[in-house]
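Please read the following points with the model open beside you.

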Amino acid sequence: MGTTQDYALFAVGQMEGAGPVTSRKMMGEYVVYLEEKVVALVCDNNLFIKPTEAGRKVIERLTASPAAVAPPFPGAKGWFVIGDKIEDRDFLTELLRAGYKELPLPKPRKSRSKGKK
């Protein structure tokens, strides 16, 4: 199905309290970055947050239930499914800030110089 641009913009807007959030469209879906780290995916008009132990604790503390986990697309590992909590900016801010600390920095890109050996 793919994600609508309106939903992606809404989801990214809801996460802005966590810091500088940007998104990038990839194959009809969206990858969401907090600063330089991938923190979320928006797939089929659903928000998925990259799972971390700190994020799991935040979800369980603020919702009094276990974190729902599902793959954002076939063949993917499970990510936190946000569902209706997308409406709660404070929840998303706390969740993203907690998980951000555990996420690795992206690997440096290799140079694409042609003809050099």
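1. In this predicted model, the count of cavities of 30 Å³ or more comes to one. The largest cavity holds about 50 Å³ of space. Rolling a probe the size of a water molecule over the atoms is how such empty space is shown.

2. Which residues line the largest cavity? They are Val 39, Ile 49, Lys 50, Thr 52, Leu 95, Leu 96, Gly 99, Tyr 100 and Leu 103. Six of the lining residues are nonpolar, two are polar and one is charged. Helix H3 (residues 89–100) gives the most to this lining, with four residues.

3. The sheet is open and has six strands, in the order E1-E2-E3-E4-E6-E5, with antiparallel pairing. Strand E1 (21–26) and strand E5 (69–70) are at the edges with a single partner strand each, so one side of each has no neighbour in the sheet.

4. Strand E2 (residues 29–34) and strand E3 (residues 37–43) run antiparallel and are joined by five bridges. Tyr 33 has Val 38 in E3 as its bridge partner.

5. Four bridges link E3 to strand E4 (residues 46–49), again antiparallel. Here Ala 40 has Ile 49 in E4 as its bridge partner. The hairpin of E3 and E4 has two residues between the strands, and Asp 44 takes a positive phi near 50° in this hairpin.

6. On to the next pair: E4 and strand E6 (residues 79–81) are antiparallel, over two bridges. Ile 49 stands opposite Phe 80 in E6. Ile 49 is also one of the residues that line the largest cavity.

Technical notes. Residues are numbered from 1 along each chain as its sequence is written. This is a predicted model: local features need pLDDT of at least 70, side-chain atom pairs count only at pLDDT 80 or more; totals for chains, interfaces and linings use all residues. Side-chain values use heavy atoms; hydrogens and water are left out. On a 1 Å grid over the protein atoms alone, a cavity is a set of points where a 1.4 Å probe fits but cannot get out, and a pocket is an open set with protein on both sides within 12 Å along at least five of seven lines; lining residues have an atom within 4 Å of a point. Grid points are joined across faces, edges and corners, and a volume is the space filled by probe spheres set on the points. Ala, Val, Leu, Ile, Met, Phe, Trp, Tyr, Cys and Pro count as nonpolar, Asp, Glu, Lys and Arg as charged, and the others, Gly among them, as polar. Two strands pair if DSSP finds at least two bridges between them.
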